[in-house]
Amino acid sequence: MPSLRSVLTASAALTATALFATACSSNAASPAGGSGDGGGKQTITFMGFYGTFQDAFTKTVIDPFEKANPDITVKYVPIQNSAEVLAKLRASKSRPVADVALIDRSVAPTANQEKLFAKLDTAKVPNLDRLVESARNKDGYGPGFSIDSLSILYNSKKVKQAPTSWNDLWDPAYKGKLAMPIADTRGVALIIALEKILGADYKTDIDPAIKKLKSLSGGVETWQPSPDVYTAVQSGEADVAVGWNARGQYYKDSSGGVVQPVLPKEGTVTQINTINLVNNSAHAAAAQKFIDYAIGAKAQKAFDEAAFYAPVNQDASLSAAVKARTTASETQAKNQIPADWDWLTTRYTTWVDRIKQEVIGG
Amino acid sequence: MTAEAVAAPAVRPVRPRGPGRHALALLAPGIVALLLTYAMPLVWVLRMSLNESGEGGLIRQTVSFATFAEVLSSAHWWNVIGQTVELGVLVTVCTLVVSYPLALFLARTTSRWRGLLVALAVTPLLISSVARTFGWMAILGNQGLVNKTLGELGIISEPLQLANNLTGVVIASTEIYMPFAILAMISGFGRLDPELEHAAASLGAPRRTVFRRVVLPLTLPGVLTAALMVFVLSLSGYVTPRLIGGGRVFVLATEIYDQATTALDWPVAAVLSVLLLALFGVVIAVYLRAQKVLEARFTGPQGARS
């Protein structure tokens with residue numbers, strides 16, 4: 001076998017290359033700036049959502065934080081969704097690729113249970129005491145950072161009579177012109193809202209909401225508008241839709257009022273993004289300082305007025321004009337439909353599957 | 001082996017295992033790249049498919065076929081597999097039908113513009129399929145070119161449902177895979193020789209017979225390759241079903257994505273990926289079989305031209 005030795009050489013070379021590559025990648029995977037906690041300049045890596053969220057967050061939270069803490073730099077790593085955060089942190093447990101990460105409230109319990117996130121030190125994050133009830137985490141993990149809510153969106157050029165209620169989605173005038181991207185958290189939130197309207201309890205039986213949604217399916221133009229529901233409403237591809245309020249409000253301004261988000265009169269369900277300290281972070285102190293700043297009254301007011309989320313901090317008072325466009329408004333706060341997201345985490349997949357199989361595919 | 005062993009002492013100082021070593025050295029970068037980018041993730045996916053999922057995206061590390069059993073016993077997932085194959089067949093047939101005449105023309109033409117025409121046929125590949133799918137949405141949507149025109153002309157009162165469903169996906173996918181089909185066909189039409197057509201015609205065969213008895217059999221291997229290519233591309237296609245399917249077209253690629261990112265059920269996503277891979281295996285086996293049958297049927301077991 002003359003080739004045996006060359007095979008061995010080649011595989012040795014290959015292994016060496018592979019090792020080298022792994023070494024490189026794990027180097028690259030550790031957060032930027034190798035300096036530890038011991039004084040000097042530090043860089044903490046923050047994973048947050050991409051796009052307009054990133055723009056608003058950088059301007060209203062990171063920039064002022066860096067100015068106030070010249071020894072800390074915050075690097076923003078944009079991510080598409082919570083699943084991506086989960087995937088990245090699962091793949092880098094011992095040397096995490098981020099120090100602070102945003103994640104959807106419905107995914108957070110899983111990440112906490114897997115010890116991807118660490119509990120916060122209340123002494124280092126004093127603002128935890130100033131949070132509104134729904135933003136608190138009873139086990140001491142990352143609190144809410146932003147409160148969004150499900151809205152009805154409509155195109156003001158094509159819809160004469162603005163929808164005001166969840167029941168208006170069944171208005172025959174909108175038949176065939178509905179965009180309903182509900183095979184995700186939006187559907188879960190919608191089911192909870194419908195269950196309340198129908199006088200049912202989502203914890204015991206969601207059949208009433210599923211049945212109600214089924215009766216809508218003939219009138220739905222698309223269950224998955226592209227590129228997203230806000231642009232579909234703006235372009236007139238769909239007249240009426242459901243979507244997240246904060247983005248809807250942003251599009252309302254950027255489209256010159258063509259896109260109109262409505263917080264329905266029966267109230268709506270909120271969705272919270274939590275801000276978390278990543279377990280095994282090499283910069284835990286600086287990271288918690290940053291979290292404290294982000295949930296502080298000043299940052300909350302600035303961020304929410306730029307991006308139309310409801311504040312998590314009781315002391316943040318939004319301007320009246322912005323407040324009315326979020327669930328922080330008096331009427332919405334009064335009518336808010338409570339959702340137990342810890343409990344929902346265990347039902348999320350089943351519900352989304354039912355929406356897909358019974359409502360969309362049925 | 002023996003011959004080499006006998007000859008080896010004489011040539012040994014000159015080229016001891018030289019070619020083999022060079023070949024391996026040259027192969028090494030490719031093998032490493034494939035191991036890192038293909039084999040490793042594949043092993044990881046196989047491993048993940050043997051795990052079980054808990055509530056809320058938790059993964060129970062275990063070695064069992066429970067997730068396979070769960071997926072394979074669900075009517076929904078069989079439905080998804082069925083729709084994936086259905087879409088693949090529809091797209092393949094449509095693509096072949098529209099690409100064949102073009103490919104035949106490009107293969108036979110003696111025009112000095114031939115090079116340019118072939119280049120034109122594949123230029124759509126320079127534009128991302130995302131952009132092309134959006135282009136089709138602008139054409140097929142309710143507010144799109146087709147519906148607007150027909151509506152203004154008074155031919156239809158309600159917009160035709162051309163997008164946000166399977167129809168839209170088939171139309172857009174057909175156009176997107178056409179350049180692949182045309183390229184595969186042109187390169188597979190090597191046996192087509194104008195002399196043979198002339199010979200058949202000189203023996204009194206009408207054009208239809210020439211096509212049926214000469215052109216078609218000689219081009220079938222190219223068509224088969226194109227069919228394989230389009231079918232496989234379509235089975236794994238994600239962008240077009242996702243963007244223009246309106247959330248109604250459930251195929252394996254889109255469901256794998258949703259299981260991984262929305263439902264956070266990685267074991268199920270991994271099982272679906274393994275099933276898709278198995279489907280590819282079946283397709284390739286069928287292709288090899290069909291190729292053999294074709295060879296035997298049209299060119300004789302020994303090959304007519306060799």
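UniProt positions are given here in the numbering used for this structure, and such annotations may be inferred rather than shown by experiment. The model is predicted.

**Exercise 1.** State which residues of chain B the UniProt annotation "transmembrane region" covers, and describe the chain over residues 87–107 and residues 214–239.

*Solution.* 
Step 1. According to the unreviewed UniProt entry, the annotation covers residues 23–46, 87–107, 116–139, 176–193, 214–239 and 266–288 of chain B.
Step 2. Residues 87–107 of chain B are 100% helix and 0% strand, with end C-alpha atoms 29 Å apart.
Step 3. Residues 214–239 of chain B are 88% helix and 0% strand, and there the end C-alpha atoms lie 39 Å apart.

**Exercise 2.** Describe the side of chain A that touches chain B.

*Solution.* 
Step 1. In chain A, 34 residues are in contact with 31 residues of chain B.
Step 2. Two or more residues come from each of helix 1 (4–29), helix 3 (82–90), helix 4 (108–113), strand 7 (220–222) and helix 14 (348–360) of chain A.
Step 3. The most come from helix 1 of chain A, which gives seven residues.
Step 4. By type, this side of chain A has 15 nonpolar, 15 polar and four charged residues.

Note on methods. Residues numbered from 1 in each chain as written. Chains lettered and ligands numbered in written order. Predicted model: local features only at pLDDT ≥ 70, side-chain atom pairs only at ≥ 80, totals over all residues. Contact = placed C-beta atoms within 7 Å. Helix = DSSP H or I, 4+ residues; strand = E, 2+ residues; numbered from the N terminus. Nonpolar A, V, L, I, M, F, W, Y, C, P; charged D, E, K, R; others polar.
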